[in-house]
Structures are given as structure tokens and as C-alpha cells.
Amino acid sequence: MPTLEFILGHMNYWLFTVLMMTGLYIVVAKGNLIKKIVGLNLFQSAVFMFYISLGKVTGGTAPIFPLDMQIDPETVYTNPLPHVLILTAIVVGIATTSLGLALIVRIREEYDTIEEDEILAIETELVRKENRTHGESMGGRA
Amino acid sequence: MSAEALHTARTLSDHLPILVVLVPFLAAPLTVLIGSRRLAWPIAFGAALASFIVSVLLLLRVLDSGVISYAIGGWLPPLGIEYRIDAANAFVLLLVSAIGTIVLPYTIQSIKNEIPPRHQTLFYTMYLLCFTGLLGVVVTGDAFNVFVFLEISSLSTYVLVSMGARTDKRALTAAYDYLIMGTIGATFFVIGIGFLYAATGTLNMADIARYIQEHGTNRTLETAFAFIVVGMGLKAAVYPLHLWLPNAYTYAPSAVTSFLAATATKVAIYVLLRFMFTIFQPDFLFEMHAVRWVMMPLAILAMFAASLIAVFQSDFKRMLAYSSIAQIGYILLGIGMLSTTGLTAAIVHLFNHGITKAALFMGVGALVLRSGGSFYAKIEGMGKAMPFTSFAIVIAGLSLIGVPGTAGFISKWVLVQAAIEQGYWPLALAIVGSSLLAIIYVWRVIETLYMKQPAEGWTRQEAPLTMLVPLWIMAGATVWFGIDTDLTMTAARTAADGLLHGFMGGAASGY
Amino acid sequence: MVCCTGLWGAQPVDTNTAILLTMLIPAAASIGNLLLRNHANLRDSMTLGAAAATFAAVLVILSNVGNSTTEAFSLLTVFPGLDIAFNVEPLGLMFAIIASGLWILTHIYGVGYMRGNNEDNHTRFFASFSLAIGAVMGLAFSANMFTLFLFYEMLTLSTYPLVAHKGTPEAIRGARTYLGILMGTSIGLLLVAVIWTYTITGTLDFTQGGILRGHITGPMVALLLGLYAFGIGKAALMPFHRWLPAAMVAPTPVSALLHAVAVVKAGVFTMLKVGIYIFGIDFLAETGASEWLMWVAAYTIIAASIVAMTKDNLKARLAYSTISQLSYITLGMALATSMGALGGGMHIAMHAMGKITLFMCAGSIYVATHKTNISQMNGLGRIMPITYGAFLIGALSIIGLPPLGGSWSKWLLIVGAADAGQQVMIAVLMLSSMLNVAYLLSIVGKGFFWPAKAGEATVIRESPTLVWLPPAITAFGCLLLFFYATDIRDFLMPIVGGMR
């Protein structure tokens, strides 16, 4: 029984879920290769949000010690660990995106298009040609 | 809760767990910085060989004195990152480093044939990075660290696969599809880790295991489990998450496929094992009927469907790719039985299939070198033109079928034994039934090589020695480990025991 | 190379070494064939020497051990508890003697045939042949089911190149059927049976009285027996018999040795070993688990004989005859009496000698006339008297008439059936003999008494010496075996515990 309190209290999870599904949908549904990468990025951003929101402590402040290192024992700090994890994940995400984009550039060079269905058509034609030349060896024999 | 750095003096042998990853990791940028095509290979080989030696030492130490624990930078777990090695990952470590080392001499001629000269140094860089990543995944005891190394290996894998573009431009789309699917898989894995962290407050595997043991499960943990299994399942090409594999294996350069087919999916399965058994523990799993009711049916489906598809392929490499999917089905079947024998079978098949597939893909690569393609039509009669290569392929093919005297037979034996022990008769029959399909697709290759006439004007031109020797080492290994099963079975059994009965009990050396 | 001094009293070579030699010498000969590929005469004589040496090694074992059973010696351990181990016991020793002895003859025959027929790829042929014999030796001396399974598969694989030898599309197709059925049954059924046995008993060692007693009861026994019986595809129990006629695409020396003697005998030998040493004859009798097998064997005996009558191709007819005769041995095991088992064991020897004669005669006819169909062979007997004479003797042995060896084994089988109270089986055996007369003697009859085609008498001669001599020798062997039959029976007595 989702009460208003429950929904508002878990806002971050709802947002994360919606964003994640949007990203995943884009990856699956869009035919343009670059758009897929964008979708992937959305997907990954949702995950980052999820992690960071996990680390938030109510009433917590940024996890940085004061310069003079006079640490007030009453201070509540937000958990820095998820932030660190996400930094790593962001870097991984950047590397993935750049690699994906580089691949798209090469695909554009070779295929002249970056639309998934057109690429599929070209590849199917290639496969058909291959089967014509090499398919003979399959024989008809069981 | 501050973690103190250890200030006790340590020798080199104490640092072995990190060295196994560090050496190739440092060697990778070294190849780029030096930039010389001639030096790239020696550096790579030196690094790989060093890792291999270290992994042998680690395995011997683990089998001797139990779990090894190593705190990186002296920062103690659970806050510091820990490398934790028991029989399971020592065994997989051995497999990965051995294959990585043996395939390297093979790459010399193979990539000269398949990759443009200006990319050849970078090939070795990527190879080393992939190698590092895989080793790191295996060796680490920290859940998030797995993700980091996994992505290191995955990204370099995507690059390696795409390097086959000169031979066939479909390598690019194959790499792209692999990238999309692999990233989704890895991200699912990260979501799972996130839930684990949210529920337990720690990322250290042993610590999470302890928490779960003390507090039991809740829905968050179950969700985490689901995400992790699906995510790693994608990386391990579990049916029906296998769609990236056939194209990636077929269009990648032969040397790359030889390396990947034997290691990448195996490492992913290892991660599955680690999470399923060490962290989530068998009792939790017994509650999770999902394992029995989802994993087993999918495994059987993989075994039959993939084998059947393999029968009808007209390309040797693609056939081997589908065969790999089927073999991963066998491994999952062993895991799904949740018994010591079943798990032993799964782990030993992980190893045996690794060496078998490495040998087969190396064989294909040699054939591709001389005949210019891997279609059956192109390799007809190669039994006469390349007798040594072909015979090695025959031996490895027999191992794939599971003929006695080969490694494949050993894993099939233990697998059927595990099924019969539990009284799962249909499973035992399913295992042998799908092996019969393997006979068909392997025999097609043998007939093509030996029973057909070679192309016009053929000469007897064997593959170069740098390709032939690794190929024969691997093929010989499939026979060796089919006859002397001491190492593989002991390691697998110890690993299975360790996984099923938790490695919480034993006091680790160096902790 | 080990040189046996031939002194029957002394022990020139230790038995275990001799066992290993029986496998290593053929293996070495196989490699030797590959190395000597360009020196045909040297190569073929080397193989002949190897065959003689192997036979000598087996004889050494015979003189060392006689008909006692030796301790198993383990070559290496594959799994803890599962070794590759060998030992000597009467049935295996008899099988080894037959196989290695007949190898010598068939090698001579093979050389004559391959050269007389101008076949290709002699090296590949003789190399695979030697390897196959090595596998047979390993199989004969196996001390446990695991070792036997290993060599069983090795035999299938090493005979594949022989079946596919001609390289024609029919040969390839025939070889495919051969391999498909044999490997299919061995991996699909036999392996399951072996692992099942291992799982419930913890061992696979061949033991007098069997190893299954106390570990398995009820219908499970029959089921396990079924997995074994149908899994041993080489015993050609219907419906897994199709590989035998399919394998007839191979050159006749292959059919002669391997499919009349080695491969099929390996199958029924395995069947007997399983029945006697894994199940135990008494255990089978108590549980009645093999009754259904009797009926399947009986069906195979009759059905194969009937099919044989319809075949015009000589080798095909002989193939179906073999299928029928093999089921005699299976029947012997299934009767679960000691006479039955003894009869089955003896029939291995008798049928081997008889069938190899028939096949070699078929080959001899082919070399001389290039004819394969019986309808074309009218009147040939008068032109090729030696070949047809040998064929007659071999046929009489198969039919089971004295004074040929086959009569003795048939007699023991009938006694075994009587012991088991299975009068129907006695009728089956008699009916089978009559059918044998119909499809075997008709060939001889047509050969001697019907007129030949015009002009053939001038064109056809008897085949080359190397080709008619071996069948003549084996025909004489059939006669000899009749007189030595009691010795063979006494030799084999220990396998059924020396009872009666």
C-alpha cells in the first residue's frame, strides 16, 4: 500500500528506475548507433544517481575535513565511499562512450551509415553472398 | 574505524598476489611508450610469463596452506581493498595466465596476417590490458574492484575484437554490439553491487558473506542477487544472453578468439561462482529456487540448442562459437546441481574446455593463415596440405566430443557422475545426448579436412613454427589432462569444497 | 625389440611387460608405417614382423600364465580409484591369441589384396590397421571397465579411416553410419552404464562373480543390463546393427580381420566380460535380468539370417550372417548359465576362424573377377576351386556341422539353453542353422554346380597366391579347432568358476 510518505521517501529510487528504464529503452528501441550510446549513458547516469543517493546521510555535510583539522565530533558527514565508487564508474563510462563513438566512426567509414537497420541489410546481403559461394560445402547430406 | 597501514617488512613472495596483476598492467603502457613494433612482443611475452609463474606459485601455496589474503597498500579490509586467493580463483588464475602466455607466440604470425602494421603494437597493449583485467577480476576480494577490472578487460576486449576489421568489416559491428551488451551487463552488475552495499554497508566479499550469514536475507539482497546473476550471465554468454558471442568470436582476429574463448567467459563464470557460493552461500541459494528452476533449464537449452545450431554452420569459427555456448551450458548444469561433485565437474570443465577451445581456435587461425578463410569450403583437404595442424585439430575435436583419453572426457565423466549421484536421470541422458550432437559437428570438420580434395594447385605448406608449437602444446595439454587428472581434479575438488562450505572458516595466511 | 627365445618352459619375459608389448609393438608399427611410407616392401615386411612379434608376445603370456587369472597391474591412475590397468584372464587371452594370430595372416592377405587391386593409400591403411590391433590388445587385457572403454573407443576411432578408405561418397557415408552408431551407442548408452556402475559400487574392476551384487536390485538390474547391451554397439544387437553392413564399403582385408574378428569380437567379448565379471552369471540367473536380452538376441539371430537370405551382394550377406552369429554369443551370456557363457566364449574363436575364411574368400573372388554379387558368381567354383573349397569349409563351420569347430560351440550353447530351461532358444539355434544352410551353401552350390557365363572360364584365373593362401589356411584352422575344442573349453573353464 504505497502511501504518499512511502513514495516521497523513496523518491531517489523512483527517479533512478525511470531514468534507467528510459536509457535501456533508448538502447533497445532506437536504430541510430549514436543514440544507443546516448541511451547507454542515460542508463549509466541513473546508476550513478542511485549510488550517490545511497550515500546521503540526513543532515550530513560534504565529507571534507576542515583545513585546520579541528574535527568537531558532532558533525555528520555524508558517506564518501559511494562518491569514490561513482568517480571510478564515471571514468569507465567515459571510456566506454569514447570507445563506442570511435567504433561508430569506423563503422561509418566502412558501412557509410550508422542506422542499425541499414547496417543489418548490408550484413544480410554479405551473408547471402557468402552462403552462395561457400554454402555448397554444407552439402545436402544429413 | 580507521584502517592502519602495516609497517612490517615484506618480501617479494608476500607481494605475489598483486604482482600477478601489476606486471602486465605496467607492461601495457610500456609497449605504447616504447612504440617499437619489434619490442612489443617480447615485453608482452615477458609480462605474461611472469604472471604465469606467479600464478603457479600461488596455486601451489594455496593447495598447501589454504587461503591467501593480501591487503593492497597495507590498508586492511574491510575498508581497504583485499586480494583473496583460494583454490577456486588460484585455479582460474592458472588457466588465464597459462592461456595468455601460450597464445602469445601464436600471435606473432597470426596478427601479421590479420591486422594492419600500424596497429600491431597497440594490439599487444590491448592484449596486456585485457590480460590484466581478467587476472584482476579473478584475484580480487572486493566486490567493486571486480567491476573495475571487469571493465578494463571488457573495454580492451571490444578493441581487440574490432581489430579484425581488415579481414571482415563485420568485426566492427560485432565489437559495437558486444560493447552495448557488455556494458549493460556490467552496469547490471554494478546495480547489484550497489544493492549489496546498501544492504550490508561493505564491499569486501568476505565481509558481505559474514553479514549474510549472520542476518539472513531480505528483498534487497535477493534483488542484488538477481542483478548480479543477470549481469554476469550476460558476460558469460549464458543462454539467452549469448547473442554477442557468435559474431564477436567469428570476426575477431584468430589469436584474439583463441585467447578470449578460453578465458573471458570462464572468468565471468568464476565471478558467478564467487558471488553465488562464497557471498550468497548455498543455503541462501537453496531458498532461491531460481537457481534450480531457471539456471538448469537454461543450461539444458543451451546444451541442445547451441549444439544443434553448430551442426548447421558452414563456417568453422562460427561453429566453434556456438559450441562454446553449449559447453558453457554444461558448466552451468554442473553449478546448478549444487553438489560437491557437480561443482567439481563445473570447475574442471571450465579448465578443460578452456584448453580445448584455445587449441581449436589456434588451429582455425593456422588454417586461416594458409587458406584465407575459415569456411568449410575454404579448408577442404587441409588434412593433406597441413597435416600437423589438422591432426592437432582432430585431437582437440575429440576432446570436445569427450572421447576417453582427453580432458573433455574427464569433465563429462564427473558431470554424469554428479547427475547420477543426485538421481537426476534425465540430466545424465541430456548430457550424453548433447555430446552426440558434438560428434556430428566435430566430424563434419574432420571429414572436410581429410575426406575432401584440396583446392587446385595445393602445396604442403604447414603453419609457421611459432603457431604450430603453441597449438601442439595446447592439443597435448588436452590429452595430458585427460590422462593425468591429479592437478585439475585436486584443484577443482578443493575449490568446490571451499565454495560450498564457505571460506569463512579458515584463517587466512597474512590477514 | 624383445626376442623370445621360444623355450616353453622358461619365462623369457615378465607377463606385465609382455602385455604392454602387445600394445606397444602395434603402435610402433603404426608409426613405422608412417615413417616408411615411401619404401613399400620394407614397410610391409616391418609390419609383418611386428605382427609376428605381437603374436609371440601373446604366446609368451600364454606360456607364463596358462588359463589362470593374474593380478591387475595399474599403468596409471586417471581418477583416484580408476586406473588404466591390465591383467590376464582366459577369455581375454583367447581373444588376444585369435586377434594377433589372425593379424599375421590378414596382413599377408592385405598386402596381396591392396597390391592386387591397385588400391591407394597403402600407408594410411596399414598404419590404421596396426593401431586398431593395438587397441584390440589393450581391450583384451583390460582389468577394469574403464580401461576397456578407453580401448573400445580407440578401436572405433582407429578403424574409421579403414572404413572410409576408398574415399568415395558411399565410403564416406558408410563410415559416417559406422562412426555415428558406434560412438552414439558408446557415449550415449555405454558410458552412462559405466558411470552408473561406478557410482553405485565404487569400482569398475572385473571380478569373478561380478561386482553388482548387493548394490542394485529389481528392474534396475535389467535396465543397467539394457544400457550395457545396447551400448556395446560393436556386438551388433538389433536395432544398432546397421553399422556392420555400412562398414562393408571398406576393402575386404578390413572386413576380414576387423569386422569378422576384431571389432565385432571386441563387442561380444565386452558383452561377455560385462555379463561374467560385472554382473556375474549367478547374479544374472538369480535376478532374471537377462531374460529380455535372450529374446532380443534370439530375434536378432533369426531376423539377421532372414535378411541375409535376401542379399545378393556377397559381403552384405556375410555381414548379416555376422550380425546373426554375434547374437549367438550375446544369447550365450543372456542364458545366464555356465555352459552358455562357455559356449559364447568358444564361439568367439570358432566364428572368428569361420568368418574370416568366408570374408577372405569374398575378397579373393573380388580380386580375381571384380565381382561382388552372388548372382554373377555362377560356376565360379570350378574356376577358383581353392577359394570355393575354403568357402565351403568356412560355411560348414558357421552352420555348425562336424567335423568343423563351429559345431562344438553351437553344442555348448544348446546345452546352456537346456540348462536354463529355455527350450525355445534351442529351437532358435536349430532354426538359425537351417537358415545358415540356405544362405551360405547356396553360394557354394551355385559356384560348383551351375554353369558359368560363356567365355568366363578362359578369362578368370584363381587369385594371386597371397590372396588364396590365407583363407585356405584359416579353413584348415576351422578343421583343427574341431579337434582342439575340448582344450579350448577346459582353457575357458575358470571364467565360470570351474564349475561342471
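The expected span of a helix is 1.5 Å times one less than its number of residues. Helices here are DSSP runs of H or I with at least four residues, and strands are runs of E with at least two, both numbered from the N terminus. Helix α4 of chain C, residues 122-140, has 19 residues. From its first C-alpha to its last, α4 of chain C reaches 27 Å, close to the 27 Å expected at 1.5 Å a residue.

This is a predicted model, in which local features need pLDDT of at least 70 and side-chain atom pairs count only at pLDDT 80 or more, while totals for chains, interfaces and linings use all residues. Residues are numbered from 1 along each chain as its sequence is written, chains are lettered from A and ligands numbered from 1 in the order in which they are written, and side-chain values use heavy atoms, with hydrogens and water left out.

A residue is called buried under 20% relative accessible area, exposed over 50%, and partly exposed in between (1.4 Å probe, protein chains only). In α4 of chain C, 17 of the 19 residues are buried, so the helix is largely enclosed by the rest of the structure.

Next comes the interior. A nonpolar core is a set of buried Ala, Val, Leu, Ile, Met, Phe, Trp, Tyr and Cys residues joined through side-chain atoms within 4.5 Å. The largest such core has 432 residues, and those with the most contacts inside it are B:Phe275, B:Phe280, B:Ile335, B:Trp413 and C:Phe279. Contact means heavy atoms within 4.5 Å. Apart from neighbours within four places in sequence, B:Phe280 is in contact with residues including B:Leu196, B:Ile212, B:Phe225 and B:Phe275. A second, separate core has six residues, among them C:Leu21, C:Ala29, C:Ala50 and C:Ala57.

B:Thr341 is found in helix α14, residues 340-371, and is buried at a relative accessible area of 15%. Not counting residues up to four places away in sequence, B:Thr341 touches B:Val414, B:Ala418 and B:Glu421. B:Arg493 sits in helix α20, residues 486-500, and is partly exposed at 36%. The C-alpha atoms of B:Arg493 and B:Thr340 are 7.5 Å apart, although 153 residues separate them along the chain. With the residues up to four places away again left out, B:Arg493 touches B:Thr344 and C:Pro80.

Charged pairs come next. A salt bridge is a side-chain nitrogen of Lys or Arg within 4 Å of a carboxyl oxygen of Asp or Glu. By this rule there are 18 salt bridges over all chains. One joins C:Glu89 to C:Lys273, with the closest N and O atoms 2.8 Å apart. C:Glu89 lies in the loop between β2 (82-86) and α3 (90-116) of chain C, and C:Lys273 in helix α9 (residues 252-279) of chain C, so the pair ties together parts that are 184 residues apart in sequence. Both C:Glu89 and C:Lys273 are buried. In chain A, A:Glu125 and A:Arg132 form a salt bridge at 3.7 Å between the closest N and O atoms. Here A:Glu125 is partly exposed at 35%, whereas A:Arg132 counts as exposed at 55%.
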